[in-house]
Amino acid sequence: MAVGKEILTKIRSVQNTQKITKAMQMVSTSKMRKTQDRMRLARPYADKVRLVMSHLAQTSDHHGIALLEEHREVHRAGFILITTDKGLCGGLNANALKKFFAQVQQYQEQGVEVDVVCFGSKGLAACQRVGLNVVASATNLGDTPKMELLLGALTEIFQRYEKAELDVIHMVYSKFVNTMRQEPSIEVLLPIGKNTLEEAPVGDYNWDYRYEPDPNAVLAYLVRRYLESVVYQALSDNMASEQAARMVAMKAATDNAGNAIKELRLIYNKSRQAAITTELSEIVAGAAAV
């Protein structure tokens, strides 16, 4: 029954793996609800900043604010790549990286150099493997996005745009649609589109606000806060997508482990029945010979 013992060992091993995947599925389910709530709570802040910034942009001359300047030609492009720190979340990172590398390849074919800021160890490792220029990174972000962990890297890439060292900045992340669907998304973060500041209705007022020290200073501050809030929202979306994808992947792994256990038990029962039949045949043959 050596074969039977080996099969029993495999069954126990698969059962242990199934317990782990089941536990990970339950943990991801719990975390997913929290990340979804956090993602929804981050949206009103970005909407309010956009509303105030829209009012300022339409009531004052905002020339001279470097982050609102649009460069005519693209000689160097920047990317903010948002991925996960951990694996076991299906094809979430692979899909985002596929879209990212397709855009990078398109720029390289046009002779445009690329700088990358990475949030998440998976994207950082992928960029280092292919030799891309990573100017800043932040990893081990945890389950709760913290703005202080992002500010250093964001300051680096925004300053490069203000100094005209970068002509465009893209942001790549996994957008949360629902529990079963997460879409890789690539957006132009800078320059801010002409209609972006006008999306929020200002309304018809017969007065204007008084800003201190002046409207341009307030607008420059709000532009930076707005861009940071957009990145924070994208990171929240990516974390919600990560937990949803991991929950689905672990559920699939748990179901596959259950199917594997059923097949192994069937094989074990067949081998055991064959061994019993062989032993009975030998006993009958020996009795007949006597």
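Modeller: Buried means under 20% relative accessible area, exposed over 50% and partly exposed in between, with a 1.4 Å probe and protein chains only. This is a predicted model, in which local features need pLDDT of at least 70, side-chain atom pairs count only at pLDDT 80 or more, and totals for chains, interfaces and linings use all residues. Residues are numbered from 1 along each chain as its sequence is written, and side-chain values use heavy atoms, with hydrogens and water left out.

Biologist: Which residues of helix H3 are buried?

Modeller: Helices (H or I, at least four residues) and strands (E, at least two) are DSSP runs, numbered from the N terminus. Within H3, residues 121-130, the buried ones are Gly123, Leu124, Ala126 and Cys127.

Biologist: Why do the buried residues line one face of the helix?

Modeller: The arc is taken over the directions from the helix axis to the C-beta atoms. Seen down the axis of H3, the buried residues line one face because they fall within an arc of 165°.

Biologist: At what angle do H2 and H3 pack?

Modeller: Contact means heavy atoms within 4.5 Å, and Asn93, Leu97, Phe100 and Phe101 in H2 meet Lys122, Gly123, Ala126, Cys127 and Val130 in H3. Axes are lines fitted to C-alpha atoms, for helices over the stretch in contact, and angles run from 0 to 180 degrees between N-to-C directions. With their axes 11 Å apart, H2 and H3 pack at an angle of about 45°.
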